[in-house]
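Subject: Structure handover and notes

Dear colleague,

I am passing on the structure we spoke about.

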Amino acid sequence: MAELKEGDAVQLHQEDVDIKGKKTVPGGADDGGGGDAPSTDGQDTVPVIQNEAGGDNDAKPSTTTIERHISIQNKLEGLEMLVDLNGAGRKSCPLCPEEKFKACYSHKLRRHLQNLHWKVYVEFEGQRMCICHLPCRHLKPSSSGDQALGRQVAHYHCVVCSVTIARKTDMISHLKRHVNKGETEASYSGSSDVPFEEPAPSGQAYEIMKELGTNVQLLPNHTTPQKSDTYFNRKMKTNRQLVFCSLAVLAEERNPVECLDAFGATGIMGLQWAKHLRNAVKVTITDISETCVKMIKENCQLNHIRVDGGSRGSRPPDVASSEVEGVPIATVEVAKMDANVIMHLRPFDYVHLDPFGTAVNYLDAAFRNVRNLGLISVTSTDTGSLYAKSPNVTLRHYSCHIVRTEYFKELAARMVVATVARAAARCNKGIEVLLAVALEHFVLVVVRVLRGPTQADESAKRLRQLIHCQWCEERVFLKQGSMVDDNLYNQLPCNCHESMPGKTAVELGPLWSGPLFNTGFLRRMLFAAVQHSMDDIQPLVKTLICESECTTLKSFVHGPSALTNQVECGVVIKTLGEESGTADQSGKRKTGEEVGNVVKKLKSDASLEHPAFYYSIHRHSIRGMNMPKLNKFLQYLTEDGFRVSRTHFDPTGVRTDATLKQFKSILTKYSVPTSNATATQTSLSTEETV
């Protein structure tokens with residue numbers, strides 16, 4: 001009887017090893033290179049998890065629910081039942097290998113299970129995860145490089161996603177993340193409803209996630225980029241929708257649009273482009289990881305999208321069957337290639353860069369072959385260097401010196417745009433900034449590429465240094481010119497240098513000093529968001545439109561009549577409001593007298609650009625005074641003749657062309673003393689009278 005139960009434990013352990021080996025070893029279930037490798041136990045071994053009650057060998061790949069590991073028990077008795085402690089003779093520990101804990105008698109084995117495995121358990125919803133010493137994880141290689149002689153690592157098995165974690169504190173944090181995301185054990189069950197023609201790898205716990213009508217399958221460790229190649233971040237949904245709307249606007253100007261998702265991961269962004277824009281775009285998704293490429297192809301099958309290019313993992317869905325299901329058919333090219341290589345080899349109309357961290361290493365290749373009047377969107381997630389938490393890293397990556405300020409998010413956006421402008425100028429190209437968004441997790445910049453050295457020079461002139469006062473946080477861009485100024489403090493509107501001892505200001509930059517938004521482009525993005533039912537980003541885009549025009553009162557009309565001709569750097573961009581019969585071709589430059597007229601118009605409208613930076617009403621509030629409501633304060637600034645608007649960078653920020661001194665004077669004028677301050681003043685006046 002003891003030998004029988006011990007054999008069952010070894011069998012369950014071997015099944016768990018097969019599962020973890022497929023999740024963690026490169027070339028496993030997600031690796032196309034090693035997916036067909038033969039098993040080391042022979043050809044008759046079937047790595048499918050069996051039910052404990054039945055124990056039969058009728059395996060059903062990709063539909064069987066993953067059983068819990070033997071180290072996960074409800075009570076201590078369940079752990080002791082893994083071995084017959086009432087029988088005679090020596091017995092082995094079910095959670096330790098033979099070389100770590102030799103077979104012993106029942107009383108010693110019971111103390112071993114209680115003191116070593118049960119004593120340090122991690123509890124989650126009534127389930128206790130005991131520490132496991134079996135070789136479920138990779139062995140740490142020895143100094144000689146021999147993995148067989150390496151030290152085995154003790155670990156815990158997660159009751160939710162079955163991942164193995166070494167430290168107890170890390171497991172507790174891992175379980176808290178499951179709770180915060182609302183994930184349960186059912187979220188990581190087998191993907192039996194996935195309409196794959198080929199069965200999914202046995203033991204893989206896929207999670208099907210749907211966003212914007214696009215389904216993608218995710219691995220349990222998709223939120224940890226260090227442990228998974230197919231990284232997926234749910235918090236970047238806003239970023240993906242903004243990028244989609246910008247591509248939809250470009251698809252109205254030229255057809256078809258050759259677009260590139262340079263860092264595919266799960267491929268959700270490129271699949272959304274192909275599924276909703278259909279024949280208007282030619283989507284190319286690339287990734288350097290073989291695991292990601294295979295996952296992207298499987299996600300294409302999940303959404304009934306054809307895979308073009310390279311060796312296909314399996315046969316694409318049949319046309320007739322897709323038409324019956326009513327799913328639109330699209331074609332996506334999936335390639336295993338480095339992002340820099342494919343951008344050097346092929347020209348594109350739209351390039352999206354979203355690496356893990358900074359994107360400065362890919363900007364030169366992006367501007368190398370991008371077509372004229374094409375778009376480049378750059379997403380930077382290295383918030384530590386962007387938000388002045390690591391100034392030395394900022395200097396290395398962006399060649400920029402910044403400090404932490406009240407407007408640090410706009411400072412990060414202007415720093416990224418300046419880096420993009422320098423990369424474009426090296427390729428004799430200029431940029432027109434269409435969109436710059438800085439939120440908690442990322443900084444997104446969308447620019448239009450304008451070919452020619454003249455455009456490159458105009459963009460380079462927009463790069464300036466910024467003088468920032470560290471006392472009052474007043475700021476101003478340095479004036480153009482190569483002559484040395486005797487006293488740079490004279491350019492600051494404040495007089496902190498005269499009233500405060502020492503040096504009061506720092507020089508930041510170089511930064512982009514031009515506008516960060518294009519109103520016509522944002523209006524068409526809003527129309528695309530309404531058309532594709534993206535309710536989440538519509539308030540954000542409306543805020544960006546008001547911010548681009550620096551106004552608070554705006555009527556949003558979603559029809560084509562609200563869209564007018566958009567002029568960007570002397571180039572007429574075709575919009576929905578133009579008639580197809582009388583409109584010129586997209587992207588044609590004006591010639592002759594028209595160019596001079598457009599330049600004069602741009603110079604006359606230069607004063608209409610939104611002011612740089614913003615002030616936080618809470619940062620400059622007066623102590624002991626109740627400041628007015630933000631919307632009321634915006635009305636007071638407007639009545640005094642200043643241009644004002646809210647800003648997406650800061651919910652308490654106010655973008656205005658007023659100086660900080662004027663801003664504070666109006667804030668003080670309409671602030672009301674608090675009740676405590678009024679009582680204090682009354683008591684002081686009473687004492688003076690007495």
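The notes below cover a sheet, a helix, a threonine and the cysteines.

This is a predicted model, in which local features need pLDDT of at least 70 and side-chain atom pairs count only at pLDDT 80 or more, while totals for chains, interfaces and linings use all residues. Residues are numbered from 1 along each chain as its sequence is written, and side-chain values use heavy atoms, with hydrogens and water left out.

Sheet. Eight strands make up an open sheet of mixed pairing, in the order β10-β11-β9-β8-β12-β13-β15-β14. Helices (H or I, at least four residues) and strands (E, at least two) are DSSP runs, numbered from the N terminus; two strands pair if DSSP finds at least two bridges between them. At the edges are β10 (306-308) and β14 (429-438), each pairing on one side only. Strands β8 (257-261) and β12 (348-353) run parallel and are joined by three bridges; L260 has V351 in β12 as its bridge partner. Helix α7 (290-302) packs on the sheet, touching β9, β10 and β11, and its direction makes about 165° with that of β11. Helix α14 (453-460) also packs on the sheet, touching β14 and β15, at about 45° to the direction of β14. Axes here are lines fitted to C-alpha atoms, for helices over the stretch in contact, and angles run from 0 to 180 degrees between N-to-C directions; contact means heavy atoms within 4.5 Å.

Helix α20 (660-669). Its buried residues (under 20% relative accessible area; exposed is over 50%, partly exposed in between, 1.4 Å probe, protein chains only) are L660, F663, I666 and L667. They fall within an arc of 130° seen down the axis, so they line one face of α20; the arc is that of the directions from the helix axis to the C-beta atoms. The face turned away carries the exposed K661 and K669. The cover over the buried residues of α20 includes β21, α19 and β24.

T656. This residue lies in β24 (653-656) and is buried at 4%. Polar atoms of the T656 side chain lie 3.0 Å from the backbone oxygen of R643 and 3.1 Å from the backbone nitrogen of A658. Beyond four places in sequence, contacts of T656 include F663, Y615 and V644.

Cysteines. With a disulfide taken as a pair of cysteine sulfur atoms within 2.5 Å, the count is zero. The closest cysteine sulfur to that of C130 is in C132, 9.7 Å away and too far for a bond.

Regards

How values were computed. Polar contact = N/O pair within 3.5 Å; in protein donor to acceptor, adjacent residues only side chain to side chain.
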